[in-house]
Amino acid sequence: MLVVDDDPDILEALSEILEAEGFEIRRARNGKEALERLEPEPPQLILLDLMMPVMDGWEFAQRMRQKPSVANIPLIVLSADRNVGSKATDIGAVGHLAKPFELNDLLDMVRRSLGQAQASAGR
């Protein structure tokens with residue numbers, strides 16, 4: 001799983017929590033770093049902040065979708081933006097959570113999204 005957030009505290013906390021739950025985590029502080037971490041081994045899921053410097057989540061999603069080898073990786077948007085739902089829909093995210101969010105909600109969404117991705121890959 002790839003966690004993308006420019007806030008170092010959020011990035012670290014999310015990564016530690018997800019690793020404690022048994023997930024293998026890669027980290028990126030912006031969309032540019034995230035694009036570099038997509039290959040050679042694409043993550044199964046991306047947790048993506050939208051508002052970041054260098055390259056925001058919106059541009060990252062557009063560029064990722066242009067690469068056939070990684071275009072179908074599910075995205076979960078995590079954002080403090082009031083319009084997170086519509087923005088998540090616009091970039092084709094499988095889910096979204098507004099910051100601050102409940103940890104259990106995040107873990108449920110991650111597990112559901114990974115389950116759907118594995119079911120799709122098996123078809």
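This tour moves from the sheet to its central strands, then to the helices and the nonpolar cores.

The model is predicted, so local features need pLDDT of at least 70 and side-chain atom pairs count only at pLDDT 80 or more, while totals for chains, interfaces and linings use all residues. Residues are numbered from 1 along each chain as its sequence is written, and side-chain values use heavy atoms, with hydrogens and water left out.

**The sheet.** Begin by selecting the 5 strands, which form an open sheet in the order β2-β1-β3-β4-β5 with parallel pairing. Strands (E, at least two residues) and helices (H or I, at least four) are DSSP runs numbered from the N terminus; two strands pair if DSSP finds at least two bridges between them. The edge strands are β2 (26-28) and β5, each pairing on one side only. On average, neighbouring strands are turned by 15° against each other, direction ignored; axes are lines fitted to C-alpha atoms, for helices over the stretch in contact, and angles run from 0 to 180 degrees between N-to-C directions.

**Strand β4.** Next, select residues 75-79: 5 of the 5 residues of β4 are buried, that is, under 20% relative accessible area with a 1.4 Å probe, protein chains only. L75, V77 and S79 lie on one side, and I76 and L78 on the other. Strand β3 (residues 46-49) pairs with β4 over 4 parallel bridges; here V77 is the bridge partner of L48. Toward strand β5 (residues 95-98), 4 bridges again join parallel strands, and H96 is the bridge partner of V77.

**The crossovers.** Follow the chain from β4 through helix α4 (residues 84-90) to β5, a right-handed β-α-β crossover: with the strands pointing away from the viewer, the path from the first strand over the helix to the second runs clockwise. β3, helix α3 (residues 57-65) and β4 also make a right-handed unit.

**The cores.** Now display the largest nonpolar core, of 22 residues, where L38, I46, F60, M64 and L75 have the most contacts inside it. Such a core is a set of buried Ala, Val, Leu, Ile, Met, Phe, Trp, Tyr and Cys residues joined through side-chain atoms within 4.5 Å. α3 gives the most to this core, with 3 residues. Centre on M64: leaving aside neighbours within four places in sequence, its contacts (heavy atoms within 4.5 Å) are L35, L38, I46, V70, A71, I73 and L75. Finally, select L47, L78, L107 and V110, which are included in a second, separate core of 17 residues.

Terms used. Buried means under 20% relative accessible area, exposed over 50%, partly exposed in between (1.4 Å probe, protein chains only).
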